[in-house]
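Please look through the structure below before reading the notes.

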Amino acid sequence: MKREQDKKPDFLRDINTAIMEELTAGGIKDNAAGLAGELKEVEEVTELCGLRFSGYLAKVETPRPRETLDEVIVAFTDGKVDAGQQRDGRPLKEFLTEGSKVIVSGIVQTLKDFESGRVLVFILADFVGLVKSPMMQDDVALRGVIAHEPIYRTTPRGKRITDISVMVKNELTGNKCFIP
């Protein structure tokens, strides 16, 4: 029998109603993401896909329930990081090191890099906290318009998948972005 502390938290089920209402502004906010994992890379950046952005771009790794790993890109500024009392006025770079455990909340965004033609899907963080041992999770709640006709397909192993694209507000440009 699994101990209660060994269970992976379910962001959408276990979070209490008051916090979920605040996170989604009582159902008004279209986009909410929660993530807890291990920092694999962090880079100070001055732009994201050609847009000015003074902050950090990080890769956070978190396990899925079947032990495969998700690698999530997170963009954030210095003011969004809570290092707790350990920071004590020291530079953020001393705390954002490979192997650090972090919890993140924010929104899912996309930006197209017109030089490479690739689309960057990332979490634009409104909070990054450094913690000793987080309960690993990665969950997203999106509410928006389905932008394109869904595509139904079956993988070679017989798993059925539906590809959809949800349109939400792009907080960096003021336009729209499409979340696959």
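1. The side chains of Glu61 and Lys40 meet in a salt bridge, with 3.7 Å from N to O. A salt bridge here is a side-chain nitrogen of Lys or Arg within 4 Å of a carboxyl oxygen of Asp or Glu. The two residues sit in distant parts of the chain, 21 residues apart: Glu61 is in strand E2 (residues 51-63) and Lys40 is in strand E1 (residues 31-48). Strands (E, at least two residues) are DSSP runs, numbered from the N terminus.

2. The model is predicted; local features need pLDDT of at least 70 and side-chain atom pairs count only at pLDDT 80 or more, while totals for chains, interfaces and linings use all residues. Residues are numbered from 1 along each chain as its sequence is written, and side-chain values use heavy atoms, with hydrogens and water left out.

3. The cut-offs are under 20% relative accessible area for buried and over 50% for exposed, with partly exposed in between (1.4 Å probe, protein chains only).

4. A salt bridge also joins the side chains of Glu41 and Lys59, at 3.7 Å from N to O. Glu41 lies in strand E1 and Lys59 in strand E2, so this pair ties together parts that are 18 residues apart in sequence. Glu41 has a relative accessibility of 46% and is partly exposed; Lys59 is partly exposed at 25%.

5. Asp163 and Arg153 meet through their side chains in a salt bridge of 2.7 Å, N to O. Asp163 belongs to strand E10 (residues 160-163) and Arg153 to strand E9 (residues 151-154), so the pair ties together parts that are ten residues apart in sequence. Asp163 is partly exposed, with a relative accessible area of 29%, and Arg153 is partly exposed with 41%.

6. Salt bridges that share partners join Glu38, Lys40, Glu61 and Lys101 into one network. By the rule given above, the count comes to six salt bridges.

7. Now the sheet. Three strands form an open sheet in the order E8-E11-E12, with antiparallel pairing. Strands E8 (145-146) and E12 (176-179) stand at the edges with a single partner strand each, so one side of each is left without a neighbour in the sheet. Two strands pair if DSSP finds at least two bridges between them. E8 and strand E11 (residues 166-169) run antiparallel and are joined by two bridges; Val145 has Met167 in E11 as its bridge partner.

Terms used
Helix = DSSP H or I, 4+ residues; strand = E, 2+ residues; numbered from the N terminus.
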